[in-house]
Amino acid sequence: MPSSASGTARLRCVSLCAALACCIAGGSPAAPPGVYGLVVGIDGYEHLNPLNGAVNDARDVRDALEGMAARDVRLLLDGEATREAVFRHWEELARMAGAGDVLVFHFAGHGGRQVATLRDGHEAKDNMFLLAGFRNAGEGTLQRIVDNEIGHMLASEEEATVVFVADSCFAGGMVRSMDDRLRGGVRAAGVHLADADDAVSERVRALGEVDESRLGRVIWIYGQDENKVTQEIPIDGQVRGALSHVFSRALRGEADADGDGSLDVRELKRFVNKGVSRLTERRQRPHVNAGSGDLSIRLVTRGAAGIGAVEARTLRIHYPDARPPFDLDGTTEVHDAQLADILYFGTDRKLIYKTGDTVAEFDADDDARELSPKLQGAVEKWRLLELLARIEPSDDLEIGLASGDAIYTEGEQVAFRILSASDRTVLLFNLAYDGTVQVLPGFDRNGPHRGGIRLRAGRPLNFETRVQEPFGADHLVAIAAEDDQRDLLRMLLEAHGKRAGPVFVKEVAAILGGSEFGADWVGLFTRGAGNGE
C-alpha cells in the first residue's frame with residue numbers, strides 16, 4: 001500500500017479511529033449525501049489473547065454513524081467477522097455508494113506483521129488485520145486480511161469518499177516503560193507463519209501493488225507511530241481505544257472548530273492529535289492524512305457552540321493491595337483495575353495512571369497525616385488535567401518536549417517548545433507529582449507581559465530545565481488567551497508552592513468556563529540517577 005508521506009497510507013501500527021459519519025461539504029441540502037459503514041470489532045479471539053475494548057469501539061462508531069443518519073451500517077462483532085463476511089459486506093456497500101457519498105471501513109482488534117509476500121514490492125513487511133479465528137497454523141491462517149488487500153479494496157470504490165479507520169497495532173514497543181502490574185490490553189499479536197503459500201498469499205501476489213492514483217479519495221487516520229504498540233485504556237467507565245473514542249466525538253461536531261458544519265482535514269488532524277495524546281499521556285502519536293488535501297466533510301451536528309460551565313469529574317480509583325487509612329475526595333473506588341483512571345499501590349506507595357505510567361511515589365516513612373495531603377494533591381492534579389481536556393477540545397496551542405516523551409534521569413537537561421498559530425498571551429505553570437502549583441519565574445502581576453508572555457504566530461518559544469527532585473511526573477501547563485490573564489495569574493500566584501485542592505480546581509473551572517482560551521500541557525516523567533525503568 002502507498003506510504004503516508006504520499007498522502008495515502010499503508011496499514012501501519014495505527015489506532016486508526018472511527019468512521020467519518022458525515023458527507024462531503026457542498027451540494028444541495030435537499031439531497032444529502034449518503035453514509036455507509038462496515039464496522040468490525042473483535043474481543044473474542046479463539047487462539048489469541050482476548051481484548052476488552054474493541055467491541056466497545058465498534059459500537060461507538062456504529063452509534064456515531066447512525067447518529068449521522070447513515071443509510072446502511074453493517075456491524076460485525078467477534079466470530080461474525082470472518083474473512084468472507086468482511087469482503088462480502090464491503091462489496092455490497094460499495095455497490096450502494098455513489099458520487100458524493102461516504103463509505104467507511106472500521107476495524108478494532110489485533111493486528112500482526114510478517115515478511116512481505118511481494119518480495120519485490122516497496123514494503124519489507126505485510127501488516128494485517130487478524131480475525132477472530134486466526135492462528136499461526138492450519139485453516140486459521142486464512143483468517144487474516146493483508147494490507148495489500150485492504151488497499152485494493154479501498155481503491156475499488158471510485159465514486160464515494162472512502163474512510164479507512166482502524167484501532168489496531170501491528171508490532172513494536174512503547175514510548176515509555178509501564179508498570180508491569182497493570183495488565184492492559186495491547187492490540188498486537190505475534191504472527192509466526194511459515195513462508196506462507198496459502199490462499200491469502202496467492203491472492204496478494206495476484207493483486208500486486210496498489211495503484212496510488214486510485215486512492216485520491218481516501219482519508220486515512222493513523223493513531224500511532226510505526227513500531228509502537230496501542231493500549232486499551234478505560235474511558236468514561238469502559239475499556240476503549242483512545243482514537244476510536246476521540247473520533248466518535250469528532251463525528252458529533254466537537255472537531256468543527258469554526259462551527260461551519262464542515263470538517264476539513266486540518267480540523268480533524270488537530271482534534272485527533274490533541275485528543276488522543278491527552279488520553280494516553282502522549283504514548284500514542286496519531287496522524288491524519290488524505291489522498292487529496294481539499295477533502296472536507298459535512299457534519300450533521302455543528303461544533304463551536306462555546307464552552308459552558310464545567311466541573312471537575314470524580315476519578316475512578318482502584319486499590320490493588322492496601323487501601324490508605326483515609327478517604328480521598330474526588331474519587332470513587334472501583335474493584336476492576338481495567339476501569340480505573342488511577343491505581344494506588346499501598347505496599348510501595350505508588351500512584352499509577354491508567355496508561356501504566358508511575359505518576360507519583362510517596363515516602364515510605366510518611367505517616368497518614370503526612371501522606372494524606374500529598375496523595376490528595378496528586379488526585380486533584382489529575383482532576384484538573386482532565387477538566388482542561390474536556391473544556392478545551394480543539395485549539396492551535398502546542399507544548400511539547402523537544403527531545404521526546406521518554407523517562408528522564410536526574411541531572412538531565414530537558415528542552416521544551418511552545419508554539420501557537422496566532423498571536424496570544426501564554427501563562428506557564430507546573431504541576432508537580434503531588435499537585436504542588438509552581439508558577440514559572442518571571443511571571444508577576446506587574447511584569448511587562450501583564451500575566452504572561454507574548455507568543456507570536458508560528459514563532460516557537462524554546463526553553464530548558466534540568467531534572468531534579470522530586471521525581472515522578474511533572475506537568476507543564478500552558479494557558480493562552482488573546483488578552484492578558486490577570487485573574488488566573490492572581491489565583492495561581494496565591495496557590496504557588498501549595499498543593500492543589502478541590503477549591504483550586506473549582507476556581508480554575510470558574511475562570512476558564514465560558515471564556516475563549518487555549519490550553520495544552522506535557523508530562524515530564526523522571527527518575528533518580530541509578531534507578532532503572
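Trainee: Which residues gather in a patch of negative charge on the surface?
Mentor: Asp120, Glu209, Asp211 and Glu212. A patch takes residues with over 30% relative accessible area and no salt bridge, joining like charges within 9 Å and nonpolar side chains (Val, Leu, Ile, Met, Phe, Trp, Tyr) within 5 Å. This is a predicted model, so local features need pLDDT of at least 70 and side-chain atom pairs pLDDT 80 or more, while totals for chains, interfaces and linings use all residues. Residues are numbered from 1 along each chain as its sequence is written, and side-chain values use heavy atoms, leaving out hydrogens and water.

Trainee: Is Asp120 buried or exposed?
Mentor: Exposed, with a relative accessible area of 75%. Buried means under 20%, exposed over 50%, and partly exposed in between (1.4 Å probe, protein chains only).

Trainee: And where is the place of Asp120?
Mentor: In the loop between strand S5 (111–115) and strand S6 (125–130). Strands (E, at least two residues) and helices (H or I, at least four) are DSSP runs numbered from the N terminus.

Trainee: New topic. How many aromatic pairs does a search of the whole structure find?
Mentor: It finds 11. Rings of Phe, Tyr and Trp (its six-membered ring) pair if their centres lie within 6.5 Å; planes under 30 degrees apart are stacked, over 60 edge-to-face, the rest tilted. Trp90 and Phe105 are edge-to-face, because their planes are at 85°, with centres 6.1 Å apart.

Trainee: What does that pair tie together?
Mentor: Trp90 is in helix H2 (residues 83–96) and Phe105 in strand S4 (residues 102–108), so parts 15 residues apart in sequence are tied together. Both Trp90 and Phe105 are buried. Phe105 also pairs with Phe129, and with centres 6.2 Å apart and planes at 35° that pair is tilted. Phe129 counts as buried at 0% relative accessibility.

Trainee: Which residues form one aromatic cluster?
Mentor: Trp90, Phe105, Phe107, Phe129, Phe164 and Trp220.

Trainee: OK, how many salt bridges does the structure hold?
Mentor: There are 27, each a side-chain nitrogen of Lys or Arg within 4 Å of a carboxyl oxygen of Asp or Glu. One of them joins Glu149 and Arg83, with the closest N and O atoms 2.4 Å apart. Glu149 sits in helix H3 (residues 147–155) and Arg83 in helix H2, so this pair ties together parts 66 residues apart in sequence. Both Glu149 and Arg83 are buried.

Trainee: What about Arg187 and Asp167?
Mentor: Their side chains meet in a salt bridge at 3.2 Å, N to O. Arg187 is buried at 0% relative accessible area, and Asp167 is buried at 0% too.

Conventions
Areas by Shrake-Rupley, 256 points an atom, 1.4 Å probe, with all protein chains shown as cover. Lys, Arg positive; Asp, Glu negative; His and termini not counted. Charge placed at Lys NZ, Arg CZ, Asp CG, Glu CD.
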